Amino acid sequence: MAEISRIITAMGWPLAIILAWLAGEVLHRCTRLPRISLYGLVGFVMAQLMPDSFASGASSTVTLLANLAFGLILFEFGYRINLHWLRINPWIAVSGLAESAATFGVVYLISHLTQMPPLTSLLLAALAMSSSPAAVLRVINEADSAGQVTERVLHLVAINCVLALFVFKVVVGFWVFQTSGSLPQAVSHSLIELGGAAVLGGLLGWLVPALLRQLGALARDGTLAFAMGVMLLVLLAHALDVSPVLATLTFGLAARHSRVMLSRTERNFGAIGELLAVLLFVFAATALEWERVLAGAALGAVLVLARFLVKTAAVMLFARVGGISWRKGLLTGVALAPMSVFVTLLLEQTRYVGIVLVDELAALAAMTLLLEVLGPVLTQRALIWAHETPAEEEH
């Protein structure tokens, strides 16, 4: 009996990935819901039924694979960002700054009013600023979406994620200051970490395309080379203690502006990318515990609603000056709903400096679970209502 129990425990991760993939494929065909919502739901249920099997979720191997999966998605996400477009239409950047700042302020105010400690409120507000680039990009690719709303969503997600990462790192610096006693050292370490990540990603974004041009292999070997570049970058980021999120995002951005063309068949990095994506969304959900979700459910629901309303209203406010209708501004704001994967991996990275923030933020656990499942659905529906997906997606 003990041997059977040991085998079942060891099979936790492979079983969760297989069941999540099957559920995603079967239920997507029946309901047209995004596959990633179903991956997260299966991961959460499995983690509650077999908690011992997912105790390795914080282990280096599983976490590294999840970061690699996130890195591949962030590379592709960064590649979709057009800085020239932001220069031509600066109102997109302005709306991104406004909705991020407004979200931060409202979430901090609500958290503070519930007697949450100031630093905890700041961390929660910083994380609430973000939208999940992984969830948004996967929904866009799955729905084969293209158009004004799609492109604005991508650029707004990039802006608020960079801002959220910056504010989060600064607040963590203050948190470290409480134990180290040196404020300049704590804050400068956070800023150096972000600067180092951007430089590392930019350097690789120049080096890999240059190498491929010399080899004459851009069309044939581009996908493999960029995948290996992401793997190298994630490993270097962990070794050098810099942000793998910003590094891989910058890598994709630099590769795009090196005039490298990725073909449509290379989206999601093929079968390996698909497999790692299932692991990533399962991993994000297994980090949550039912007791913590239940404890933070009331506040989490209020914060999710406040975040949703603020982001939507802020994007709508700048819609007309930014060149789109009020309706498309509304749909763009709705599509910014997901945030779970970004938050989970950011919190995992803080464990390396001895800060276990998940345990401090029960409301965040409830927000993460709700937006893990509901967020991609809202993004999908917004893209469909904007008529930027093939007709069959609307049925």
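**Close-up views of a predicted model**

**View 1. Contacts of Phe70.** Beyond residues up to four places away in sequence, Phe70 touches Pro133, Ala134, Val245, Leu280, Val341, Phe342 and Leu345. The model shown here and in the other views is predicted.

**View 2. The largest nonpolar core.** This core comprises 107 residues, and the members that touch the most others are Phe70 and Leu280. Helix H9, residues 148–180, supplies the largest share of the core, with 13 residues. Another core, of 7 residues, lies apart from it; Ala285, Leu288, Val293 and Leu369 are among them.

**View 3. Helix H13.** Helix H13 runs over residues 270–286 and has 17 residues. At 1.5 Å a residue the helix should span 24 Å, and its end C-alpha atoms lie 25 Å apart, so the two values agree. Of the 17 residues in H13, 12 are buried, and the helix is thus mostly covered. The buried residues are Gly273, Leu276, Ala277, Val278, Leu279, Leu280, Phe281, Val282, Phe283, Ala284, Ala285 and Thr286. Among these buried residues of H13 is Leu280, which is also a contact of Phe70. Ala285, likewise buried in H13, is one of the residues of the 7-residue core.

**View 4. Cysteines Cys30 and Cys161.** Cys30 counts as exposed because its relative accessibility is 61%, and exposed residues are those over 50%. Cys161 has a relative accessible area of 6% and is therefore buried, the limit for buried residues being under 20%. A disulfide is a covalent bond between the sulfur atoms of two cysteines. The structure holds 0 disulfides.

Key: Residues are numbered from 1 along each chain as its sequence is written. This is a predicted model: local features need pLDDT of at least 70, side-chain atom pairs count only at pLDDT 80 or more; totals for chains, interfaces and linings use all residues. Side-chain values use heavy atoms; hydrogens and water are left out. Helices (H or I, at least four residues) and strands (E, at least two) are DSSP runs, numbered from the N terminus. The expected span of a helix is 1.5 Å times one less than its number of residues. Buried means under 20% relative accessible area, exposed over 50%, partly exposed in between (1.4 Å probe, protein chains only). A disulfide is a pair of cysteine sulfur atoms within 2.5 Å. A nonpolar core is a set of buried Ala, Val, Leu, Ile, Met, Phe, Trp, Tyr and Cys residues joined through side-chain atoms within 4.5 Å. Contact means heavy atoms within 4.5 Å.
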